[in-house]
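My entries follow in the order I checked things.

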Amino acid sequence: MNQKNSNIAVLIDGDNIPSAQVKEMMEEITKYGNPTIKRIYGDWTRPGLTKWKNLLLENAITPIQQYGYTKGKNATDSAMIIDAMDILYSGKVNGFCLVSSDSDFTRLATRLREAGMQVIGIGEKKTPTPFIVACDKFIYIEILKQQSEDKIENIESIKPIIDKIARKEINLISTTIRDLSDEDGWAFLGDVGSLLQKKRPNFDSRNYGFDKLTPLIKSINKFEVEQRENQKSRHKLIFVRNKPKQSKK
């Protein structure tokens, strides 16, 4: 999907998402396309949702009223799902951004992808794995919060949010490089990033304190990075490979 020309429908589960990072969420979404439809669902008669009011006006998000018909049942989910399917069949968008930490949207994400839509998920780290893997890409709200705090140089408060990259993630990168490598073991980093996203939708360099994949790769002493001239652009191409294992004497 061409990001510059793509239209995205942003559907937010107001009952299941904190309001604090809505500005950062909308800025993040623009990286993947133009959010032409922006709706948030919830029972706006509830006092707990009043904090959204000014944020919705500032970000041009349309509130959709959904009463809870039965105590203990979430009518918001059904309203979002119905609207998503109506938007899908309207043919007005190329992708969806589903903002929720609720696994109830797993089937919706799967259905939208089956229809050829790109699906971006945004939610908290508590989001169940089935919903995460049903999306093309999943972004943690905690990372957006981290970026916001980083802008005001509040470094001490963000340190606990940054995860240490574990052996399984390093093995994932290593395997992905091997899947794409040429006879000399080199793989184009852009292709590596794309395949990592397909294998693990919530893989994000920002989870480990790096803005981009390149510095993350460079920080791990198991990979080699090489820049090559690009005949079509002044920007150099970046290739990466697994470091050859040292032979034992």
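**Entry: Val133.** I began with Val133, which sits in helix H5 (residues 129-134). Helices here are DSSP runs of H or I with at least four residues, numbered from the N terminus. This is a predicted model: I took local features only at pLDDT of at least 70 and side-chain atom pairs only at pLDDT 80 or more, while totals for chains, interfaces and linings use all residues. Numbering starts from 1 along each chain as its sequence is written, and side-chain values use heavy atoms, with hydrogens and water left out.

The scale I used calls a residue buried under 20%, exposed over 50% and partly exposed in between, with a 1.4 Å probe and protein chains only.

Next I looked up contacts, meaning heavy atoms within 4.5 Å. Setting aside neighbours within four places in sequence, I listed Arg113 and Pro201 for Val133.

**Entry: Lys199.** What does Lys199 pair with? I found a salt bridge to Asp179, at 2.7 Å from N to O. The term needs a side-chain nitrogen of Lys or Arg within 4 Å of a carboxyl oxygen of Asp or Glu. This pair links distant parts of the chain, Asp179 in helix H8 and Lys199 in helix H9, 20 residues apart. Both ends came out partly exposed: Asp179 at 49% and Lys199 at 34%.

**Entry: Arg200.** I then noted a salt bridge between Arg200 and Glu169, 3.5 Å from N to O. Arg200 is in the loop between helix H9 (189-199) and helix H10 (213-219), and Glu169 is in helix H8 (residues 167-180), so this pair ties together parts 31 residues apart in sequence. How accessible is Glu169? I read 8% for Glu169, which is buried. Arg200 is partly exposed at 26%.

**Entry: Glu229.** I looked up Glu229 and found Lys236 as a salt-bridge partner, with the closest N and O atoms 3.6 Å apart. Glu229 is exposed, at 59% relative accessible area. Lys236 is partly exposed, at 45%. I also logged a network: Glu28, Lys31, Asp204 and Arg206 are joined by salt bridges that share partners.

**Entry: count.** How many salt bridges does the structure hold? I wrote down twelve.

Notes. Helix = DSSP H or I, 4+ residues; strand = E, 2+ residues; numbered from the N terminus.
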